[in-house]
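Here is a friendly walk through one model, with the sequence and the structure side by side. Keep the viewer open and follow along.

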Amino acid sequence: MVFAIEEINRDPALLPNITLGYRLYDNCFNLALAFRAATALISGMGDIFTDYNCTGTPPVLGIVGDPGSTRSISISRMLGLFHVPLVSYYATCSCLSNRKEFPSFFRTIPSDAFQVKAMIQIIKHYGWTWVGAIVSDDDYGQFALKTFIEEENTFGCIAFSENLPSVSAKAKILTIVQTIKQSTARVIVVVATEAYFIPLAREIARQDIRGRQWIASESWTTSTIILTAEMFSSFGGTIGIAIRRGEIPGLKEFLLQVRPVFDTNNNLINQFWEEMFNCKFHLRTIISNSSNPTRSIMCTGSEDIESTQTAYSDVSELRAAYNVYKAVYALAHSLHNLMSCESGKGRFENNYCADITSVQPWQLLQHMKRVNFTTHFGDRVSFDENGDVPAIYDVMNWQRGDDVSVKIETIGLFDESAPAGQELTLQEDKIFWNFDLNTPPRSVCSESCLPGTRKAARKGEPLCCFDCIPCAEGEISNHTDSIECVKCPPDFWSNPRRDQCVLKDIEFLSYEELLGISFTAISLFGACVSAGVLAVFIYYRNTPVVKANNSELSFLLLLSLILCFLCSMLFIGQPLHLTCMLRHVVFGISFVLCISCILVKTIVVIMAFKATLPDNNVIKWFGAAQQRGTVFCFTVIQAVICIIWLSTASPVPFKNTKYQNSKIIYQCNVGSITGFSCLLGYIGLLASVCFLLAFLARNLPDNFNEAKFITFSMLIFCAVWIAFIPAYVSSPGKYSDAVEIFAILASSFGLLIAIFAPKCYIILLHPEKNTKKALMGRTAPKK
C-alpha cells in the first residue's frame with residue numbers, strides 16, 4: 001500500500017499537484033479492533049481541528065481493507081451510513097455484493113460466487129457428480145456453501161457437507177474424518193481459511209487417508225503449512241483456485257530499502273530486522289537478555305538485506321499484495337476523475353462537479369462506481385453494479401518437485417468475462433493426479449446410464465443415486481443418462497441395444513424366399529399339368545372317353561383350373577393396390593367357373609341316366625346351349641358380387657404393425673368383410689350343391705360313371721376349404737397368405753387328379769378301353 005501511494009505521488013500524470021496520505025491500522029484478526037480502527041479513520045480520533053466551521057476534507061476519503069469477510073460486513077454496515085468507500089482486497093463473501101446492505105463496498109478480489117463458479121467448472125469438466133463439501137463455520141464458508149449447493153444441484157449432488165469448528169475441537173474433527181472415510185465421494189471441496197482447515201488436514205495426514213481429490217478455495221490453495229512433504233501423500237494433486245497473480249515493477253527494490261528506525265512509537269521494523277538477522281539492537285539488549293540469553297549478536301543496522309532469500313523479498317507470487325496495489329490505484333483514479341471533471345459535465349445534480357479541495361467521501365463514492373483503468377500487468381480494473389471486479393483466477397495444482405520438495409504449479413485460468421463455455425482453460429498435460437496411472441478419479445454415486453437404458457431414482461436417496469433400467473421393446477434412449485425412453489415411430493422399432501430406432505422388417509410372402517419359390521414352382525407345375533391334360537383332351541377329342549364326358553365342359557374346366565393354379569401367384573410378392581384387388585377377384589371367378597363346370601357336368605350325368613329310362617326325354621331341355629348358359633349365369637353372379645365388393649370397399653395394401661411389434665406385416669386388407677364372405681360363401685354354396693348331387697348319383701349303373709370322380713373331387717375340395725378357415729384365422733403375417741395359397745393349390749390338384757387322372761389313364765395307357773362298346777357296358781346297380 002505504501003509503495004503504491006508513493007508511486008502515485010511520483011506520477012505527474014495521475015493526480016498532479018496532489019499528494020496522497022495514509023494511515024495504517026492492524027486489525028489483529030479481531031472484529032472489535034477492526035471496527036475501532038475504521039471508526040478512528042473516519043472520525044479522525046487524535047487529530048486537533050481548529051476549523052470550527054467543519055469545512056474542508058474529512059480525515060480520510062476512502063479505506064483499503066478489511067481482508068476478512070466477517071469484519072468487512074460489520075465495518076461496511078457502518079461506513080455505508082456515511083457513504084465512505086471501503087475497498088477490500090481479500091474479503092470474498094458473496095453476501096457483500098448486496099448493494100442495498102453494503103452501498104459503499106468495493107473489492108479487488110472476486111466474490112466467492114465466482115470462486116464457486118470456477119470450482120463448478122472444474123467439477124463439470126471432469127464429470128464429478130458426487131462431491132463432498134467442507135466449509136468454515138463463518139460467513140465466508142457458509143455463504144460459499146449455499147452458492148455451491150445451488151450450483152452443484154443443477155448437474156450433480158452433494159454427498160455430504162461439514163462445518164469446520166472455529167476452535168479446534170478434536171471430537172468434531174474426528175467426526176468429519178470419519179464422514180470422509182465412509183463416503184463414496186472421491187472429490188471433496190474445501191472452502192475455508194487456512195487457520196480453520198489446518199487441524200483437519202493434519203488429522204487426515206495422520207490417519208493417512210488417500211484416494212481423495214481435494215478442491216481448494218483461494219484462501220488455502222497456496223498454503224505452505226499444508227503443502228509439505230509429510231502431507232503430500234494425502235493432499236498431493238490438489239487442484240485449487242488462486243487469486244490472480246500479478247507483477248508490480250519496482251516493489252522488490254522498495255522492500256529492500258527498509259532500514260531500522262528508532263522510534264518509540266513504532267518498533268515493528270526493528271523487530272523485523274532482529275528476526276531477519278538473528279541479532280539485537282543495543283537499546284533492547286539489556287531488556288531482553290534475561291529472556292533470550294542466546295541472542296548476543298549486536299545489530300548494526302547496516303546488514304545486507306539484499307543478500308537474504310526470504311518470503312519478505314519474494315515477489316514472484318504477488319496475489320493478495322497485487323489486490324492491495326489495485327485497490328489503492330482504484331481510489332487514486334477515482335480522485336483523478338473527480339479532479340478532472342469539466343464544469344457543466346459533472347456527475348452530480350445540475351451536472352455539478354466536486355471541488356478537490358473540499359471533496360467528500362460520498363462524492364468520491366460516485367466516481368468509484370465508474371472507475372476503469374488498466375494496471376502495468378495488463379489487468380483491467382473496473383467495478384460492476386455490485387462493486388465486484390471482473391473475476392479471473394489462476395488454477396493451481398500441488399505437485400512434487402524434481403527432488404523431494406513439493407511445489408504449486410499453475411495449470412490453467414478461469415476468466416468469468418470470457419465467452420460462454422470458454423471461461424475455464426486447463427493444461428491437461430501439466431496436471432498431476434495422485435491416483436493410479438496419473439489419471440483423474442471417478443466420483444459418481446451411480447455410473448452413467450448408457451444409451452439404451454434410462455435412469456430410475458432410488459427411493460430415499462439423492463437424484464445422483466439411481467439404477468439403470470433397459471428400455472422396453474420399441475423404445476430407445478440415444479444419449480447418456482436419459483431420464484426416460486422415447487417410443488419409436490410406427491414404422492420403426494428399437495434395435496437390440498435399444499439406442500436407435502431402425503426401420504421395421506417388412507414381412508410378406510416374397511418370390512425370393514424358399515416358401516415363395518416353392519409355391520411359385522408348384523403353381524406353374526399345376527398350370528402346366530392342366531395345360532398338358534387340355535392338350536391331351538384336344539388331341540383325343542374324337543375318342544369316346546372325351547366325348548362321353550362332355551368335351552366342351554371338360555375344356556372349359558381345364559381352362560378354369562389353369563386360372564386357379566395361376567391365381568395363387570397373385571398372393572406372392574409385395575402387396576400392391578392392383579394385386580390386392582385382383583387376387584380375390586380372379587380367385588373367386590376362377591373357382592366359380594371351375595365349380596360351375598363340375599356342377600353342370602354332374603347335372604348332365606344325372607339327366608343322361610334319366611334320359612335312358614322309358615318315356616323320359618329331359619336331356620333335350622338341357623342341351624349344350626343350356627349348359628353354357630348355366631355356367632355363364634353362375635359365373636356372372638360371382639362377377640357381380642366382386643364388382644359390388646370392389647366398388648364399395650375394395651381390398652387395399654395394409655401395413656399391420658399391431659400383430660407383431662418388431663415387424664410390419666404387409667398384407668392386403670380385404671376391405672369389406674361382407675363382400676369377402678359373400679365371395680367365399682357363394683363358392684361354398686356351389687361346391688355343396690355339386691357335392692350333394694354327385695353323391696346321390698355316385699351309384700348310377702354306368703361302366704364309367706363320372707359322378708364317382710366328381711364326388712371324390714368335391715369331398716377333397718370341401719375338406720380343404722373347411723380346414724382352411726381356422727388355419728387362415730390363426731396364421732400370422734405372411735403365413736396367412738401361404739395357407740390360402742396352399743388351399744388353392746390343394747383343391748385345384750384335388751379336382752385335377754380326381755376328375756381327369758382316370759380319363760388320362762384310359763386315354764394314354766389303356767386305349768383298348770377307349771371304345772364306345774366299353775363305355776356302353778352297363779353294370780347292375782348296387783343294392
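## Charges over rings

A charge is said to sit over a ring if NZ of Lys or CZ of Arg is within 6 Å of the ring centre and within 35 degrees of the ring normal. Please keep in mind that this is a predicted model. With that rule in hand, have a look at K759: its charged end sits over the ring of F756, 5.9 Å from the centre. That pair meets the rule on distance because the limit is 6 Å.

A second case involves an arginine. R99 lies over the face of F106, and here the distance to the ring centre is 4.7 Å.

## Aromatic pairs

How many aromatic pairs does the structure hold? The count is 32. In one of them, the ring centres of F591 and F717 are 5.7 Å apart and the planes meet at 45°, so this pair is tilted. The two partners come from distant parts of the chain, 126 residues apart: F591 belongs to helix α17 (residues 577–611) and F717 to helix α20 (residues 706–730). Are these two residues buried or exposed? Both F591 and F717 are buried.

Ring pairs can also be followed from one residue to the next. F3, F254, Y325, Y329 and F373 are linked into a cluster in this way.

## Salt bridges

The model contains 24 salt bridges. One of them joins the side chains of R71 and D66, with an N to O distance of 3.0 Å; R71 and D66 are both buried.

Compare the setting of E447 and R442, whose side chains form a salt bridge at 2.5 Å, N to O. E447 has a relative accessible area of 47%, so it counts as partly exposed. R442 is partly exposed too, with a relative accessibility of 47%. Another bridge connects R497 with D499, where the closest N and O atoms are 3.4 Å apart. Why does R497 count as exposed? Its relative accessibility is 59%, and the cut-off for exposed is over 50%. Elsewhere, salt bridges with shared partners bring R244, E317, R319, D379 and D394 together in one network.

Helix α18 covers residues 624–649 and includes V640. Together with F632, V636 and I644, V640 makes a nonpolar surface patch of about 360 Å². V640 is partly exposed because its relative accessibility is 40%. L646 is also found in helix α18, and at 28% relative accessibility it is partly exposed. The C-alpha atoms of L646 and V585 are separated by 8.9 Å, while the two residues are 61 apart along the chain.

Helix α19 spans residues 673–696, which makes 24 residues. From first C-alpha to last, α19 reaches 34 Å, close to the 34 Å expected at 1.5 Å a residue. Which residues of α19 are buried? Among them are G675, F676, L679, Y682 and I683. L686, A687, C690 and A694 are buried in α19 as well.

## Towards the start of the chain

For a last stop, turn to R10, which lies in helix α1 (residues 2–10). R10 is exposed, with a relative accessible area of 56%. R10 and G44 are 34 residues apart along the chain, and their C-alpha atoms are separated by 26 Å.

Methods: Residues are numbered from 1 along each chain as its sequence is written. This is a predicted model: local features need pLDDT of at least 70, side-chain atom pairs count only at pLDDT 80 or more; totals for chains, interfaces and linings use all residues. Side-chain values use heavy atoms; hydrogens and water are left out. Helices (H or I, at least four residues) and strands (E, at least two) are DSSP runs, numbered from the N terminus. The expected span of a helix is 1.5 Å times one less than its number of residues. Buried means under 20% relative accessible area, exposed over 50%, partly exposed in between (1.4 Å probe, protein chains only). Patches are made of residues with over 30% relative accessible area and no salt bridge: like charges are joined within 9 Å, nonpolar side chains (Val, Leu, Ile, Met, Phe, Trp, Tyr) within 5 Å. Accessible areas come from the Shrake-Rupley method with a 1.4 Å probe; for residues, only the protein chains shown count as cover. A salt bridge is a side-chain nitrogen of Lys or Arg within 4 Å of a carboxyl oxygen of Asp or Glu. Rings of Phe, Tyr and Trp (its six-membered ring) pair if their centres lie within 6.5 Å; planes under 30 degrees apart count as stacked, over 60 as edge-to-face and the rest as tilted.
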